[in-house]
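Open the model in your viewer and keep the selection panel at hand.

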Amino acid sequence: MLSQPSSSSSSSSTSLQKMKKRRWSREQLLKNLEILGPLAAPLPPDLPPSPPASRSNSPSAPPIKRKHESSQEHDVVKRSRTNGLPEKPSSHHHHHYHPPPPPPSQPLRSSNAVPSFNLRSEPSEDGEVREDTTAVTPRGPAPAVLSTTVPVRRPRRGRPALTSFDEMHDMYHKYGRMLKYSGDARFWSTYPATHKEYRPLANPPPPNSPYHKHGGLIARLELVDALVCFTYSLWSKDFSRKSCFRETWATIEAFLGWCKNKWIAELDTIGDREKALLGLIWMIEGFIHGRKFFFSAKTVIEPEMDRIWAKMKSEMMILSSNAEKADGQPTPPMLPSPASIAPVNSANSTPINNSASGTPSVNTSSGINLVNSPAPSRSAPPISTALPQYMHGLLPQTAKGQTASYNMVEAAAKATAPINPALAFNVKELSGGVMAAGYCMEYAQRTLTLPILARHYPTTFARMMSSSLTAHEEHEPDIEDEEGELFWPGQCVTGEGLGWVCLMGKAMIKEFGRDIGYLGLAGVVPKPAPGPITGDSSRHASVLR
């Protein structure tokens with residue numbers, strides 16, 4: 001109740017009578033609400049919102065005037081629910097959230113605070129608290145990793161020497177062979193003993209070790225780790241020489257398909273975190289295709305096509321010019337008809353009478369008909385479809401300064417230029433590479449995106465989002481560094497970015513492996529001494545060369 005304490009009952013009754021006759025303003029009501037202070041036991045904030053208070057049509061009804069206490073409680077509950085959600089950022093500090101509301105032991109409002117009620121559009125009576133009908137949509141907090149994980153900014157090393165790249169190529173090719181053998185051997189050991197592919201390990205892991213509990217998963221993890229090492233090895237050779245060795249990239253295709261099929265076979269039984277590693281495999285394949293077709297277009301196809309097009313365009317100009325000359329020759333005169341040379345007063349002609357006789361002459365009627373008959377309309381010149389419309393501007397204009405005529409376009413379309421078999425093969429490889437890259441990236445983005453990294457690989461995500469590196473600094477990070485900066489791979493159509501994919505993939509493998517006890521090279525199955533090559537050990541031999 002909103003009555004103020006008094007020293008006698010008479011003053012209290014007088015105050016009540018004044019309240020009945022007096023209409024409270026909104027400011028007075030809010031000031032009285034502040035006097036109440038905090039409630040001793042407020043309602044929990046997870047209760048459903050209270051329904052809007054209904055108003056009576058009669059302004060003199062006492063219940064309407066005495067709704068202050070219920071309005072106070074209702075307003076406190078509603079504001080306690082609303083203030084618990086993140087508010088919209090202010091215009092000056094758009095990257096900060098407002099602090100959470102004060103605890104219940106503190107006053108909800110200060111005397112100097114400006115009320116922030118959302119007023120409804122319908123009119124309200126004096127003394128009635130208006131309802132807040134604005135729905136507040138809760139927003140989830142930002143990932144905690146963004147504020148807690150900051151990558152270490154290593155000093156810039158600069159572009160290494162060619163010998164450093166060659167050493168890195170040899171070293172990671174060796175690591176890839178070790179991991180590939182271990183992954184295959186471990187995978188074959190997970191088959192039942194009766195399976196034809198079953199091969200037991202010479203030194204199996206202890207029964208309670210992570211490598212025994214997660215044998216199949218660690219085998220697949222070693223395979224994708226080997227793929228990253230092989231790719232990084234080949235990329236370092238390409239990057240150091242600013243080129244693309246297509247024959248070398250062909251040696252990884254068989255193993256890449258083998259590794260990808262092992263992960264696809266488990267697609268229905270793995271979670272989103274493991275599916276992200278399958279997306280990594282798709283991304284590696286897509287960027288390999290992108291690098292190959294970019295350098296093929298840049299170094300082979302584009303120069304050849306410039307030469308062929310120059311020759312083709314010259315022949316088109318000659319043919320269209322000859323067609324224009326043929327169009328400009330005058331048409332030979334036609335022989336006159338016998339009717340045009342017959343005398344006017346011949347026996348076959350109709351006699352001409354003067355108009356006074358009432359019989360019109362033939363020539364007069366013919367003249368009237370010619371005057372009254374409409375002139376024949378000229379049809380628009382035909383447009384040739386032998387060449388696309390946008391190529392018509394490449395042809396010379398006519399002598400009158402107009403665009404190429406129909407005959408000129410038709411003649412230019414007959415121009416030809418020879419293409420040798422090597423160029424035809426390269427063009428076919430280019431078109432196939434573009435289609436393959438698009439196909440791989442389509443599947444990569446289904447299971448590997450920045451939001452997926454933020455949820456399942458928060459450390460790797462933070463290392464990329466808080467990075468100061470640029471797209472052209474693929475040589476700066478150390479692939480074994482678990483705390484340094486990274487960079488989200490750009491577009492594969494640029495031909496670059498494959499180094500960033502390998503760096504990101506290595507970081508994902510390390511972050512994933514920490515949770516299951518994966519040791520990387522320290523836990524591989526050692527390869528036995530070289531012996532005679534069998535059919536099984538020669539699998540994917542192209543990668544092991």
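Select Asp 515 and Arg 273. In this predicted model, the two form a salt bridge, with the closest N and O atoms 2.6 Å apart. Now colour the helices that carry them. Asp 515 belongs to helix 18 (residues 498–516) and Arg 273 to helix 11, so the pair links distant parts of the chain, 242 residues apart. Asp 515 is exposed, at 54% relative accessibility. Arg 273 is partly exposed, with a relative accessible area of 21%.

Arg 273 lies over the face of Tyr 457, 5.1 Å from the ring centre. For another arrangement of this kind, select Arg 446 and Tyr 443. Here Arg 446 lies over the ring face of Tyr 443, at 4.3 Å from the centre.

Next, select Arg 220 and Glu 274. They form a salt bridge, and their closest N and O atoms are 3.3 Å apart. Which parts does this pair tie together? Arg 220 sits in helix 8 (residues 215–241) and Glu 274 in helix 11 (residues 272–328), so the bridge joins parts that are 54 residues apart in sequence. Are the two partners buried or exposed? Arg 220 is buried, with a relative accessible area of 7%. Glu 274 is buried as well, at 17%, because the limit for buried is under 20%.

Move to Arg 246 and Glu 429. This is another salt bridge, with 3.3 Å between the closest N and O atoms. Arg 246 is in helix 9 (residues 246–249) and Glu 429 in helix 15 (residues 421–447); the pair links distant parts of the chain, 183 residues apart. Check the accessibility of each side chain. Arg 246 is partly exposed, at 26% relative accessibility. Glu 429 is also partly exposed, with a relative accessible area of 34%.

Now select four residues together: Arg 153, Arg 156, Glu 473 and Glu 485. Salt bridges link them in a network. How many salt bridges does a search of the whole structure find? The search gives 22.

Turn to the rings. The structure has 12 aromatic pairs. Select Trp 235 and Phe 239, one of these pairs: the rings are stacked, 4.8 Å centre to centre, with 25° between the planes. Look along helix 8. Trp 235 and Phe 239 are four residues apart there, so about one helical turn separates them. Both residues are buried.

Last stop: Gly 176. Find Gly 176 in helix 6 (residues 162–189). Gly 176 is buried, with a relative accessible area of 0%. What does Gly 176 touch, not counting residues up to four places away in sequence? Show Ala 226, Cys 229 and Phe 230: these are its contacts.

How values were computed:
Residues are numbered from 1 along each chain as its sequence is written. This is a predicted model: local features need pLDDT of at least 70, side-chain atom pairs count only at pLDDT 80 or more; totals for chains, interfaces and linings use all residues. Side-chain values use heavy atoms; hydrogens and water are left out. A salt bridge is a side-chain nitrogen of Lys or Arg within 4 Å of a carboxyl oxygen of Asp or Glu. Helices (H or I, at least four residues) and strands (E, at least two) are DSSP runs, numbered from the N terminus. Buried means under 20% relative accessible area, exposed over 50%, partly exposed in between (1.4 Å probe, protein chains only). Rings of Phe, Tyr and Trp (its six-membered ring) pair if their centres lie within 6.5 Å; planes under 30 degrees apart count as stacked, over 60 as edge-to-face and the rest as tilted. A charge sits over a ring if NZ of Lys or CZ of Arg is within 6 Å of the ring centre and within 35 degrees of the ring normal. Contact means heavy atoms within 4.5 Å.
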